[in-house]
Amino acid sequence: MTNLGSNFLERLGNQSTNGFNRMLRNNPGGGGASEAADGPRYRTWFEGYGISATNGPILDFVGDNRQTWGGVAGIGARVAPGINVGFSVDQSRTAIDVPLALQSATINLTQLGFNASVDKGPWTWAVALVHGFGDIHSNRDTGLGLATARYNARLDGALSELSYYLDKDQSRIVPKAGLEYVHARTGSFQEMGGLDPVMATGATVERMRVLVGAEVGHYWIFDQKILDLSAYGKFVDNVVQNFSDVTVSLGTQSVTLQGIGESQYGADAGASASLSLTNTARLYINYDAKFRAAMQSHQGVVGVELKW
């Protein structure tokens, strides 16, 4: 749950601090166009994405594989010179497979997002907020049928990011530093069916992390279109990870477990290609990867942005 919230937060933050997006906000024609030119004020965007994640075994946790498919729709506006806001909705479905434990689950999650940015000279400060809610449906093969359960999930998150835009001709480098916080909670559940169905208490997790890195990019103008290619890398430090205990009960017997989080240090990397067909229509694709000691995640995004 926390990673689903983080992914949405970071996509929202990237809309504000991505160097090409920033250039289009302040210089919509690219090249030698006047920065004083008043470009389109409103925009809307639509995205489809997929995420593949693998969590390796840690202690008593045997590891799992996760596949997520989702879509995003959003609308934004320039409310004053250099100040932009946006609202969006993310709907996703995640399939989790735990083959060594004969378990599987699906997460249906809706996330509501808000993002805002302030451009001041070469500086951009961006903030993103997310609230998510959904349900989880789990299945466990007991050998004598499936034990199933259904319970709810909630998450809240915030991201603040500061970037500095450095450009020369049509190339750029954009150093960035961000602070992210996500709090997620799942409800208690009682399995039904199968052999020896169990009951478990609810769980909460909170994570705060620092992200420091940079983006590099270059754009080309041809036939009244703008093609931009960029890549980024970030160092990740999970400075705080707190997990509640979870008590699993079977009849009069019970055992208390604690959640397992990411390694403290890791790295994020990715690349993007964007094609501005006109100053009001843009197509883009993004690739994002996360690398931790016992986890890898790969995300692909295809999107379209329209302005007026």
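Modeller: Happy to! G76 is found in strand β2, which covers residues 64-80. Please keep in mind that this is a predicted model. Is G76 buried or exposed? Its relative accessibility is 5%, and buried means under 20%, so G76 counts as buried. Which residues does G76 touch, once its neighbours within four places in sequence are left aside? They are R41, Y42, R43 and W45, together with V85 and G86.

In soluble globular proteins, nonpolar side chains tend to be buried together. Here the largest nonpolar core has 30 residues, and those with the most contacts inside it are M1, L9, I107, L109, V130, I136 and L155. Helix α1 gives two or more residues to this core, and so do the strands β1 (42-55), β3 (83-98), β4 (103-120), β5 (123-141), β6 (146-164) and β8 (171-186). The element that gives the most is β6, with five residues. For a view from inside, take L109: leaving aside its neighbours within four places in sequence, L109 is in contact with M1 and L4, with D90, Q91 and S92, with G132, F133 and G134, and with L155. Another core lies apart from this one; it has seven residues, among them M23, L24, Y219 and I226.

Next, the helices. Helix α1 (residues 2-17) packs with helix α2 (residues 19-26) at an angle of about 45°, and their axes are 5 Å apart. The two helices are therefore oblique to each other. On the α1 side, N14, Q15, S16 and T17 take part, and they meet G19, N21 and R25 of α2. Sorted by class, this contact has six polar residues, one charged residue and no nonpolar ones.

Lastly, an open sheet of four strands. The order is β9-β10-β13-β14, and the pairing is antiparallel. β9 (189-190) and β14 (253-258) are the edge strands, each pairing on one side only. β9 pairs with β10 (residues 199-200) over two bridges in the antiparallel sense, and F189 stands opposite A200 in β10.

Methods. Residues numbered from 1 in each chain as written. Predicted model: local features only at pLDDT ≥ 70, side-chain atom pairs only at ≥ 80, totals over all residues. Heavy atoms only, no water. Axes fitted to C-alpha atoms, helices over the stretch in contact; angles between N-to-C directions. Parallel < 35°, antiparallel > 145°, perpendicular 65-115°, else oblique. Contact = heavy atoms within 4.5 Å. Nonpolar A, V, L, I, M, F, W, Y, C, P; charged D, E, K, R; others polar. Core = buried A, V, L, I, M, F, W, Y, C linked by side-chain atoms within 4.5 Å. Buried < 20%, exposed > 50% of the residue type's maximum accessible area, 1.4 Å probe, protein only. Pairing = 2+ DSSP bridges.
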